Amino acid sequence: MRIFTMLMLLLVTMVAGCGKSEQPTTVPAKVAKYHCPMHPQVVSDKPGDCPICGMKLVPIAGEGSSSETEPGAVPGLTTVSISPSARERMGLTLGKVEKRQLAREIRTSARIAPDETRLYRVSVKFEGWVDKLFVAVTGQTVKKGDPLLTVYSPDLVSAQDEYLLATDALKPAARRRLELWDITDAQIAALDKAGKSERTLTIYAPADGVVLDRMVLPGQKLMPNDALMLIGDLSVVWADADLYQSDLPLVKEGMTAEFENYTGKVTFISPTLDPVTRTAKARLEIPNPDARLKPAMFGTATLRADLGERLAMPDTAVMHGAGQNYAFKAGEGNQLIPVAITLGAHSAGWYEVLTGLQAGDEVVTSANFLIDSESSMKAALAGISGGIKP
């Protein structure tokens, strides 16, 4: 009986002890803190004025606010509240997220080359010797019909004599022989008028342009099909632009392109890539009326690919963090909320918005770094006071 009584007393004592251990503990209330919106380093535990600028101190965020629990939150930042008067002093402005027409801008290197469809090769179809050169230097500008050189050819003299002596029945065949040697109608007419053969034949420029190459000298012997000169019309030139593999789907023939201050269009895209540079050539056709673009000149080509209507925001609103882009969105009242965003193409001062914002949202477009500093300081202070979970 005595043993039973002792066991009962021990049991009652244990139950009473367990009851005491389950009593709630009292958590000391946190003291409200205030700081200056313009100078976040100024912190006080009571209202007042900033000793630096004289602005009213405002309360720091309430308990339990955590950037980790806010949708689209940015680590290390938190929501801040800036009054209208403070915004005016800071020069803070807002821009709107909206749908607009965007174009992807592709900038790449390019090299000027002559338009191959405007190159003219001067040659002869008979044997002879260069008698006189009228174009003495490479690079000389010529007009269509200007004399380039004279050629002496015994075969040509013989053909002229045959034409002059031919009967009416044989005249067409003799004339045809001269025409096949590129003797012009005007030269044949002059032959008819003179009534005697010319010792030399004058070769004329086939088009306007610049002598890009000259391969003959006075007295040089010529054989049929020898190249004498290369004339290029540079009023239109090509710019060969390098395109990386990621840009190829955006570039189409016919799209507008620029080379320095000249505007042209894409006329051809190479079907293969250069195995060394891993780029494909896009040919830009560029009018060159003032002849300022020279073959082999290097420069920057800009191509704009139309992307259609996309959700976009001003690029001045974008903050580039370590591995994360973000912006400050205007919330209720005077709140400015840091929001993580994913960006797409950049076009003429606008970024495509893929995630993080919606049409109609307003974002901070100036004084971003002041707001960023305020938000960062506020998040750090909240973390010290226990507002942010470690």
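1. The accessible surface of the protein (Shrake-Rupley method, 1.4 Å probe) comes to about 22500 Å², and carbon and sulfur atoms hold 55% of that area. Of the 390 residues, 36% are buried, meaning under 20% relative accessible area with a 1.4 Å probe, protein chains only.

2. This is a predicted model in which local features need pLDDT of at least 70 and side-chain atom pairs count only at pLDDT 80 or more, while totals for chains, interfaces and linings use all residues. Residues are numbered from 1 along each chain as its sequence is written, and side-chain values use heavy atoms, with hydrogens and water left out.

3. The secondary structure consists of 6 helices and 24 strands, taken as DSSP runs (H or I, at least four residues; E, at least two) numbered from the N terminus.

4. Strand 19 (residues 298-314) runs antiparallel to strand 6 (residues 98-114), with 14 bridges joining them; strands pair if DSSP finds at least two bridges between them. Here Q101 stands opposite E309. Strand 19 also pairs in the antiparallel sense with strand 16 (residues 256-259) over 3 bridges, where A257 stands opposite L303.

Key: Buried means under 20% relative accessible area, exposed over 50%, partly exposed in between (1.4 Å probe, protein chains only).
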